[in-house]
Amino acid sequence: MTVNYGLYVPKQSGIHSLHPLTKLAYLGFCLAVSWVIPGTWTPYLVFLLGIVPLSALGQVLPNILSGAFKAVLPFAISLFVVQGFFWPEGTVLQQIGPFSLKEEGLFFAIRGAGRILMAVSTFLLLSYTTRPDELTLALGQLGVPNSIAYVILSTLQIIPRFQTKATTILDAQRSRGLETEGSLRVRARALLPLVLPLLLSSIVDIEERAIALEVRAFGRQGPKTSLLVLHDTPWQRLLRWLLLLAALGVIVWRIYAALAPRFLS
Amino acid sequence: MKNAQRPTPNATPAGPMPITVEDVSFTYPSGTHALRGVSLRIAPGEAMAIVGENGAGKTTLVKHLNGLLKPSQGRVLVGDWDTREHSVAKTAARVGYVFQNPDDQIVERTVGDEVGFGPKQLGRTEAERAADVAAALALVELSDYAKTHPYDLTTAQRKLVTLASVLAMRTPILIFDEPTMGQDARGLALIGGIVERLKGEGRTVLTITHDIDFCAAHFGRVVVMADGQVLADGAAADVLARAELLATTNVEPPQLVRLAQALRLPRAALTVDGFVETLQGSRGAGGQG
Ligand SMILES: Nc1ncnc2c1ncn2[C@@H]1O[C@H](COP(=O)(O)OP(=O)(O)OP(=O)(O)O)[C@@H](O)[C@H]1O
Ligand SMILES: [Mg+2]
């Protein structure tokens, strides 16, 4: 039997065998740079230089690209519409009927979409290349309480679980005559009867999980012994510290740069 | 525009029809070869059981019969329809499928609505629907629970609700995936009675089951599956008597068959009456000799 590891994509790669905290530190650094350093295109640059090569090394580049595209597209479209056309004032680029596309709004939307792209792709890169149990253990070593680690772990697993559930429910409804194939309108209509059963069965699921955890003494106080051993190396430990410092450095520099003009004038 | 309110124009139940499975192979996206060259012809009105160990491919096979899965190779015909050319929703008017796990199937908030879901999708009128629901609930003896939330029932009762919700669709072909799982003696008798009744009406009844005695009691034809292939296919009395073959896919012959074999009776019987007859026959023969 194969164990369901959520989003995890089992591959033999250097990225997969890195200590989870090393990956976490690296992705945290990338995220800090992309969010904090100004510039419309900064997030995209970080994505190209920081995320894409590592995804390729980890043999999950196609997964990252398609996953990120699907997750970011709806946000990108709504940002573009809302910010591009409803920006209060600015340079008008294009007039479409009563609406005007403004340059400032457009750039704001591009940057916003970039930030979401970074958030999604770092999350996916970590999830695709890290087994959830290893991540939990690593977080535990950091001193993160078990309950918090569990919340993180189940978040990582919830997406594929929801997908499977949704397919199952759709199958049940199709089997009883509900048309779910065909035009967009037909599909949209099929979506509604899907939501309630999905939520209901998820609640039943959560309760069952809670009971399963309880009978396995999840709430027990004190340290726990793990059968899993994480592979770590001195240079990874050093790298983690450097990345952490660099991320902090970028943030501090940005705050300084924002505040300095006021103090100096 | 009247059609817009009627999702599928199949209001009248279709008549009896055969199912043809032609050299079907199926591979899940994960790479599991769940079916390898399965061929079957199921005549209208036939009662057929599929047995075999866990993971043999039974559920995968029956999901092909209503189009939920499409063959990677080969084809499946329901009547004159190739399942690849019709949506699952359309095929649902011909093939009713009760899922293995009831919680995978329930979509409505009351038992009555749940049972009425299928007939509604098939475009039946409100009055027709009410009659379908009442009749189906009566069959599974849950008429008192029409207003109850399905999740407030026991798992065994929920399984009966899913059974009723497919019965209410009045399809010519019915497929049950493990109908007796978790049922007590009363539930077993109830389901057995429903199968007999459907057979009496000339409808095709297919079941997957691990309950070999249930299989022996109600199904004339048995298909044994192992590793995505059909290991044996024939009359229940013949197939279920082949203890060695059944053992290769972890199926135990029915108790009466084992008893007959232990007593070295000339042939196995699937019913108590048949068994007694054979026993008396062989005694009589022995007495004379
Ligand atoms: N959705 C799926 N994705 C990938 N593999 C699957 C899927 N469903 C089933 N399988 C695999 O296909 C094979 C056949 O499974 P199937 O569910 O058809 O067996 P079964 O005979 O119904 O077993 P059971 O008696 O346990 O219900 C098994 O190896 C199973 O692990
Ligand atoms: Mg099954």
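Helices (H or I, at least four residues) and strands (E, at least two) are DSSP runs, numbered from the N terminus. On that basis chain A has 9 helices and 2 strands, and along the sequence their order is α-α-α-α-β-β-α-α-α-α-α. Taken along the principal axes, the C-alpha atoms of chain A fill a box of roughly 60 × 60 × 35 Å. The model is predicted: local features need pLDDT of at least 70, side-chain atom pairs count only at pLDDT 80 or more, and totals for chains, interfaces and linings use all residues. Residues are numbered from 1 along each chain as its sequence is written, chains are lettered from A and ligands numbered from 1 in the order in which they are written, and side-chain values use heavy atoms, with hydrogens and water left out.

Two packed helices are described by the angle between their axes and the distance between the axes. Axes are lines fitted to C-alpha atoms, for helices over the stretch in contact, and angles run from 0 to 180 degrees between N-to-C directions. Angles under 35 degrees count as roughly parallel, over 145 as roughly antiparallel, 65 to 115 as roughly perpendicular and the rest as oblique.

Helix 2 of chain A packs against helix 5 (residues 103–129) of chain A at about 175°, with the axes 10 Å apart. The two helices are therefore roughly antiparallel. Their contact (heavy atoms within 4.5 Å) includes Leu24(A), Leu27(A) and Trp35(A) from helix 2 and Met118(A), Leu125(A) and Leu126(A) from helix 5. By class, this contact has 10 nonpolar, 3 polar and 3 charged residues. Here Ala, Val, Leu, Ile, Met, Phe, Trp, Tyr, Cys and Pro count as nonpolar, Asp, Glu, Lys and Arg as charged, and the others, Gly among them, as polar.

Helix 2 (residues 20–36) of chain A also packs with helix 6 (residues 132–142) of chain A, at an angle of about 80° and with axes 9 Å apart. That angle makes the two helices roughly perpendicular. Pro20(A), Leu21(A) and Leu24(A) of helix 2 meet Glu134(A), Leu135(A), Ala138(A), Leu139(A) and Leu142(A) of helix 6. These residues divide into 7 nonpolar, no polar and 1 charged.

In another pair, the axes of helix 3 (residues 42–57) and helix 4 (residues 61–86) of chain A come within 7 Å and cross at roughly 130°. Helix 3 and helix 4 of chain A are therefore oblique to each other. Phe47(A), Val52(A), Ser55(A) and Ala56(A) of helix 3 touch Leu61(A), Ile64(A) and Leu65(A) of helix 4, a set with 6 nonpolar, 1 polar and no charged residues.

Turning to the ligand, 14 residues surround ligand 1, each with a heavy atom within 4 Å. The closest are Asn54(B), Gly55(B), Lys58(B), Thr59(B) and Thr60(B). Helix 1 (residues 58–65) of chain B gives the most to this shell, with 3 residues. By class, the shell has 3 nonpolar, 9 polar and 2 charged residues.

Oxygen atoms of ligand 1 lie 3.2 Å from a backbone N or O atom of Ala56(B), 3.0 Å from a polar side-chain atom of Gln100(B) and 3.1 Å from a side-chain N or O atom of His210(B). The protein covers 64% of the 640 Å² of accessible area (Shrake-Rupley method, 1.4 Å probe) that ligand 1 has on its own.

Definitions and conventions:
Polar contact = N/O pair within 3.5 Å; in protein donor to acceptor, adjacent residues only side chain to side chain.
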